[in-house]
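Me: I'm new to this one. Can we go through it piece by piece?
Reply: Fine, here it is.

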Amino acid sequence: MAISVDAAAEVFREAMRDAVKRYALWYLVEGVLLIAAGFLAILYPVFSSTAVIVLLGWLLVISGFVQALSLISARHVPHFWLQLISICLAVLIGFLFLRDPAQGLTTITLLLIVFFMIEGISKVVFALTIRPFPNWGWVLGSGMVGIVLSLVLWANLPVTSVWLLGFLLGLNLISVGTAIAYLAWQVRAS
């Protein structure tokens, strides 16, 4: 029996709604815990930034070793040497992050600064391209904020690398926790 994609999507949405209704209390608890963790990450950004780098280091090392084990039995696959180099780089970067988390923080911060700058420039270009559209100025403003943010972070780079990752992690945890808690609260209220 074949069903259409729309019908399958509706069945999936209904199953998700039922799951959220059934476990609304647990979603609410999860949301509150994520919000609390986010505030802790913002209050202690140095600790949370370092924890993220150490976790990333361990993930790179472990995933590199697991990939190496799977690659041992596949020595004759195409691009074997490229995969081996990729594994070696993952393990090396993981060990470097574990050995000196401060350098890892600086590396990740530089990558975030580059990301904010490129995203800001692309939004400015996009906004100028769609200029006759209504509200194109909001896109332009968003791009300018990204550019200014990257310049401010670059100007304060040694200090920025200590707190930026933990602060952004905290903001993300708070936003995700708020969304989950709000959803669960609305489901319980209805």
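Me: At what angle do the axes of helix α5 and helix α6 cross, and within what distance do they come?
Reply: This is a predicted model, and in it the axes of α5 (residues 101-129) and α6 (residues 136-155) cross at roughly 155° and come within 7 Å.

Me: Why quote an angle and a distance?
Reply: Because two packed helices are described by the angle between their axes and the distance between the axes.

Me: How do α3 and α4 pack?
Reply: Helix α3 (residues 45-72) packs on helix α4 (residues 80-99) at about 150°, and their axes are 7 Å apart. They are therefore roughly antiparallel to each other. Here too the handedness can be given: α3 passes α4 in a left-handed crossing.

Me: Which residues of α3 and α4 meet?
Reply: On the α3 side they include W58, F65 and L71. On the α4 side they include F80, I87 and F97. By class, the contact of α3 with α4 has 18 nonpolar and 5 polar residues, with no charged residues.

Me: What about α3 and α5, what angle is that?
Reply: About 95°, with the axes 9 Å apart. That makes α3 roughly perpendicular to α5. S49, T50, I53, V54 and L56 in α3 meet P101, G104, L105 and I108 in α5. This contact has 6 nonpolar residues, 3 polar ones and no charged ones.

Me: Changing topic: how many salt bridges are found in the whole structure?
Reply: The search finds 2. One pairs R13 with E10, and their closest N and O atoms are 3.0 Å apart.

Me: Where do R13 and E10 lie?
Reply: Both are in helix α1 (residues 5-22), 3 residues apart, which is about one turn of the helix.

Me: How much of residues 51-74 and of residues 110-130 is helix?
Reply: Residues 51-74 are 92% helix and 0% strand, with the end C-alpha atoms 34 Å apart. Residues 110-130 are 95% helix and 0% strand, and their end C-alpha atoms lie 30 Å apart.

Definitions and conventions:
Residues numbered from 1 in each chain as written. Predicted model: local features only at pLDDT ≥ 70, side-chain atom pairs only at ≥ 80, totals over all residues. Heavy atoms only, no water. Helix = DSSP H or I, 4+ residues; strand = E, 2+ residues; numbered from the N terminus. Axes fitted to C-alpha atoms, helices over the stretch in contact; angles between N-to-C directions. Parallel < 35°, antiparallel > 145°, perpendicular 65-115°, else oblique. Left-handed = near helix turned anticlockwise from the far one by under 90°. Contact = heavy atoms within 4.5 Å. Nonpolar A, V, L, I, M, F, W, Y, C, P; charged D, E, K, R; others polar. Salt bridge = Lys/Arg side-chain N within 4 Å of Asp/Glu carboxyl O.
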